[in-house]
Amino acid sequence: MKLHKHCQGNHPDTLSGLSRRDFLQVGMIGTMGFSLSHMLRLQAAEMPKVEAYAAMADSVIHIYLPGGMAQHESWDPKPFASPDYRGPYTPIKTSIPGEYVGEKFVNIAKIMNKLTIVRSMTHGEAAHERGTHNMFTGYRPSPAIKFPSYGSIISHEQGSRNNLPPYVVVPSQTIPDQGTGYMSSAFGPFALGSDPADKGFAVRDLQGPKDVTTQRFDRRRSMLAAVDEHFRTTEKSDAIGAMDSFQQAAYGLVSSAKAREAFDLSKESDKVRDEYGRNTAGQRFLLARRLVEAGVRMVSVTFGGWDHHSNIKSAFDGQAPNFDQAFARLITDLQDRGMLKRTLVLVSSEFGRTPKINGTNGRDHWPRVFSVAMAGGGMKEGYIHGASDALGGEPDRDAVGPEDLAKTMYRVLGINAEKRIVSDGGRPVDIVNGGRIMTDWLA
Amino acid sequence: MPARVLSFVFTSTLLALAAFASAAPVSFEEVRVILEGKCLECHNPDKTKGKLLMTSREAFLKGGESGTTLVAGDPVKSELLKRLNLPKDHEDIMPPKGGPLPAAEIDVLRRWVAEGATWTAGVTLVAKNKAKEEALADLKQKLPTLEKLEIFPESINLETKRDFHRLVVFATFKDATTRDVTAFANLRMSDEKVAKFDGYSVHAVADSGKTEVVAELGGQTARAPVAVKDGQKDRAISFRLDVMPVFLRATCNSGGCHGAARGKDGFRLSLFGMDPDGDYIRLTREMIGRRINLAIPEESAMVEKTTGAVPHSGNKLYDADSQYNKAILEWIANGAKDDPADIAKVTGIEVFPKQIVLEGKESTQQITVRATYSDGTDRDVTKLALFMSNNDPVAAISKDGVVKSAERGAAFMLARFNVFSVTAQVVVIPKGLVYERPKTAEVNYIDKAVNERLHRLRIVPSGVCTDEEFVRRVYIDVVGLYPKPEELKAFLEDKRPDKRPLLVEGLLQRKEFTELWVMKWAELLQIRSGINAGNNAPPFYKNALLYYNWLAAEIGKNVPINQIVIDLLSASGGTVSVPAVNYYQGELDRLKISENIAQVFMGMRLQCAQCHNHPFDRWTMNDYYGFNAFFAQIGRKNTDDPQEVIVFNSKGGETQHFLTKKNVKPKFLGGEEPELKPGEDRRRVMAEWLASPRNPFFARNIANLIWAHFVGVGVVDPVDDVRVSNPPSNLELLDELAQHLTDYKYDVRKLVRDITASAAYQRSTKTNDTNAGDKLNFARAQVRRVRAEVLLDAISQITETPNKFQGLPVGARAVQIADGAVSNYFLTTFGRSKRESVASTEVKTDPNLSQALHLMNGDAVNDRIRRGQVVEKMITAGKKDDEIIRELFLRVFGRLPSGVEMKSVTDAIATEPTNRQVVLEDAFWALMNSKEFYFNH
């Protein structure tokens, strides 16, 4: 129970007994049996209806930069700070008058007027896995309950479209927080299993063996249905149900050439592939675009390693230009195709980095203030939300928490994050607990 | 009271006097009926409206908010009669609802007061409201089956004037259900000069003496001795014993508020009160005069904030007149003193009653908590404890410890006070349930414990699985293989009555049994190399392989698990020459090493206690660092060969406490501080304790691991999350399993024999109405996805296509892979453990889309069917269609096809008779894509 808007804790109301959140903290995932029947009952009877929202976007590309990208070298440079705070680069001007980005963001500088930048993100988790959890779920990590990722919630709420899995991770699930948390594994991500930047990249097993004709495949399917019937009707378990749903999803993919083509980068011209960049950033972002174009609802892409405790300059020199080129091209590509308005692109990282350059010419973990970039999907164009202080150390105004970001992202997709989902053990859990819909960001 | 009202009161009283002047003295029984029926509903210890209690003469005479309620012998001065005589619409009239009382009743009360308000000695009045009347009527029906009446606590020690204990009278009936009958039993104190009741609490009257509490109900009597010592002495208010508990109870020091590392709004308390010294300093020395105002205690911030007098981010926490605020005010008024150094410490807590079986919805049961202290005293801390239910849909618990039943099921009520957490178990069964205990097979101690539990829950277990199901199940569970058709047939045709245990006996002697457990232990010991990172950094493949081979040899020789653990954890030497020392190379972080050992060998997660006392378990930081101190003297030395690192006893080095920064002496987890000789290898001392019956958690944990492997769910689940707030679903079962494993000298085979022989293991997966939702009480067999290695081996066996893994010969099984870093697409996709952590969640059996696609289109099924030529060979051997189909079903499903299934394949062949092999191979494909193949059932 939240008693006060500034209290981030799960404060039990001692006047009315312990709250639901406290219960969750005790840590009873699974509990004492009888959970399934309760779950169904709760689902049927006790879930309060929430207001329905009209979707402003159909899909999300979530670009995640693991390690914690420094705000100073990227979205929130401090051109007028002393060199030990400003860092090794000279910030550059952008298409928004008076606003700067890091020196390596030359292409992004040009499309800055398409983006919404939040420069006042803040949370209290300075450890990678905890910060990452915040940015993939909108929740603080709890010892007792595993929260589902954005993508799993979206799968649960909106399901599959055009025979494609609703939630795809590119290139593979490297972060535990991309998982389903307390929800059934049926809402888990589809992992490509290989990197789009690899030579001869192909997603495994999308197509049937060459010697299996459609007619033969149909025969296999009908025989499978016949031999599966006995077990399916006599045995009951969540895992059997989940396996069934994946089998149906697999049929969908196999039977739709169009759906399969979404995974085929060779259908893109060499020119486009070059413009995105022939590297992990370029090819992953390009594939992400193909996937949302075909109907995937959530693509979760990771790129690079941004944990620059030392020699931040050489690290940025190495990977920031690839990111810059690929991200800028993704935005212009989406716009050229008329998809930008209905596709939300979100760039985040688990936290920012210390305002002052450390003894090894790097920056250390800093969750007090950092930045998030967004484009499309109903967001304003050329908008800067909030600000960090003069050194980039604390939010100066309009601080935003992970729950605000999560709630707004869900809002854009038409999901009301106040809805509750029943977790294992029969407990209803808010999609996002607290948080605000940041109407300022929306066009 | 306004004068106008007073005058009215007088007139009406006089009127009443005139009308009902009669001679006979009023009997207390008459008065009792009126008071209990009309007044006690509000003026009872639970509500105490207007701060007035009418339960005893003393309380009555003491009065409430409006002053003198009762003046014996003087109705005019008694507020009672003034209020009774107010006009109907007056806001002060009593009773507020349904008043005024009939004139005759008012007259009885008036005369009673006038005659001196006599009271039958020892009688405590209780409310007789409608709900209670119904409950009483209901109880009366049940009373003939009363089996046992108990008073909790069983004995009461009253140590000072302040001391009290709340009683619970607890009835157990013949059907094993229980009830809180405190309000219905006839409760009395045999010597009221020694102790007395205040509501249901017992307080001292004399300075010392002995008496007893007597409770009577339904012809049964229960007694609880009361001992009073220093009953008229006061005890000083204490910061640690009276004030700190308020912080925990009101959650001031929880992680979300002032217990956060940075505190909240500028004020920090230690998390869960683990640092009373620091809290005292922060309260009294920071911002002097603000948090504590010694001159005007009521204006201290810690009073005004918590009682809602001024805005508080955490809102109002309790009333100004609550015992919590009173304790704090008294402490401040007494100078906000720190405690003397020898202040008593809490040594433990206990809940009453511990086993509760509630019938129907909305039944309630009060739970009380008693804390014991190092000075030998005890206190009732029910109002200071935190209560939580682990299963609210079954039974919820109020902040004052009242359990309320809801849906059928089982739940644990956790009570927390100081650093201690204990549980009471609650079972809820439907009211009026038609249930007769089934005559369930009881093969051994396992069934005894399981059946008893099921009976208590009124769950009827499923029947026995078929022979076909059994043979497939034990093959997969005991040796990690799918039975071959000839093995199946041999078992099904076996006519011996004890063929099931005989089959298990045979399987236990196979090397695959050993290999399966080597794999499981290799996961827990994290045997893996850094091969994927180019293998130019440790752990090296060679080390991983040697380490694995050592483990395999030990288990192969049937060395008992306790001995293996001792050898492993106390090993010294080179990583090549003494492979067991690789345990200390897989993880170099000392804190992590001790956490891993607790998690793997005791099933406990200590991580929380690294930085603060565990909120939901018994572990304190002292326990954590005391255990860690056993690993403070691990020495490591490189040699010319980077693969050979010497691990040795460095005989020096200590562990510092995170908070105090002082050295901590080695202390067994949950045990004592051993005597250590200088230079003695601390790891060996620890290991010899760890893997012995002196450590109760070891045998339990190993037994639980084995049980979970065979049944799919641990008695504690997950198996590596043993904590007070995650109690075993069947304590007796876990104790029995552990005891037997200890008696068997830790021989795993013997325990496996018991488990597989039990009716609990041999149940069918088919459910009935009572056990359909059950997962944790072993009322039916669970359907379990077979783990990745066993699946791949099965595919290889069924399709007759050998596997090839790095470092192993062609045809080796996936179960035999030594190194956690060696894998392939199939194993990774189906959730093989990477052995990157000790967590039980490393092995995954969750389905995903990649698995479905791989089975459908990948090389695991389609290619292997072609490559292995199973169908082709059968056709060449001249087998008929139905023979081949039967053979395929036996191979893949371990059963024969039904008529419908047979027909679906033969029909398909009939449409394409020239293409017989292809159609049969498609049928083969269908079987291997079917869920029945992937699940053990």
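Tutor: Helices are DSSP runs of H or I with at least four residues, strands are E runs of at least two, and both are numbered from the N terminus. By that assignment, B:D477 lies in helix α12 of chain B, which spans residues 467-479. The model is predicted, so local features need pLDDT of at least 70 and side-chain atom pairs count only at pLDDT 80 or more, whereas totals for chains, interfaces and linings use all residues. Residues are numbered from 1 along each chain as its sequence is written, while chains are lettered from A and ligands numbered from 1 in the order in which they are written.

B:D477 counts as buried because 23 other C-beta atoms lie within 10 Å; the term requires 20 or more such atoms within 10 Å of the residue's own, with 12 or fewer making a residue exposed, values in between partly exposed, and C-beta atoms placed from the backbone. Beyond residues up to four places away in sequence, B:D477 touches B:H709, B:F710 and B:N936, a contact being two C-beta atoms, placed from the backbone, within 7 Å. B:G712 is 235 residues from B:D477 in sequence, yet their C-alpha atoms are 10.0 Å apart.

Of the 937 residues in chain B, 48% are buried. Contacts that join residues at least 24 apart make up 63% of those between residues at least 6 apart in sequence.

A helix pair in chain B shows how such elements meet. The axes of α7 (residues 239-249) and α10 (residues 323-333) of chain B come within 10 Å and cross at roughly 140°, where axes are lines fitted to C-alpha atoms over the stretch in contact and angles run from 0 to 180 degrees between N-to-C directions. That angle makes α7(B) oblique to α10(B), since under 35 degrees counts as roughly parallel, over 145 as roughly antiparallel, 65 to 115 as roughly perpendicular and the rest as oblique. From α7(B), B:F239, B:D242, B:V243, B:V246 and B:R249 meet B:Y324, B:A327, B:I328 and B:W331 of α10(B). By class, this contact has 7 nonpolar, no polar and 2 charged residues; Ala, Val, Leu, Ile, Met, Phe, Trp, Tyr, Cys and Pro count as nonpolar, Asp, Glu, Lys and Arg as charged, and the others, Gly among them, as polar.

A nonpolar core is a set of buried Ala, Val, Leu, Ile, Met, Phe, Trp, Tyr and Cys residues joined through C-beta atoms within 7 Å. The largest one has 349 residues, of which B:V169, B:M413, B:A415 and B:L927 touch the most other members. Helix α12 of chain A (residues 312-336) gives this core its largest share, 11 residues. Another core lies apart from the largest one and has 23 residues, including B:L35 and B:L81.

In chain A, helix α5 (residues 128-137) is mostly covered, with 7 of its 10 residues buried. Among the buried ones are A:H133, A:M135 and A:F136. Their cover includes α6 (150-158), β8 (343-348) and α13 (402-413) of chain A. Just after α5(A), A:G138 takes a positive phi of about 80°.
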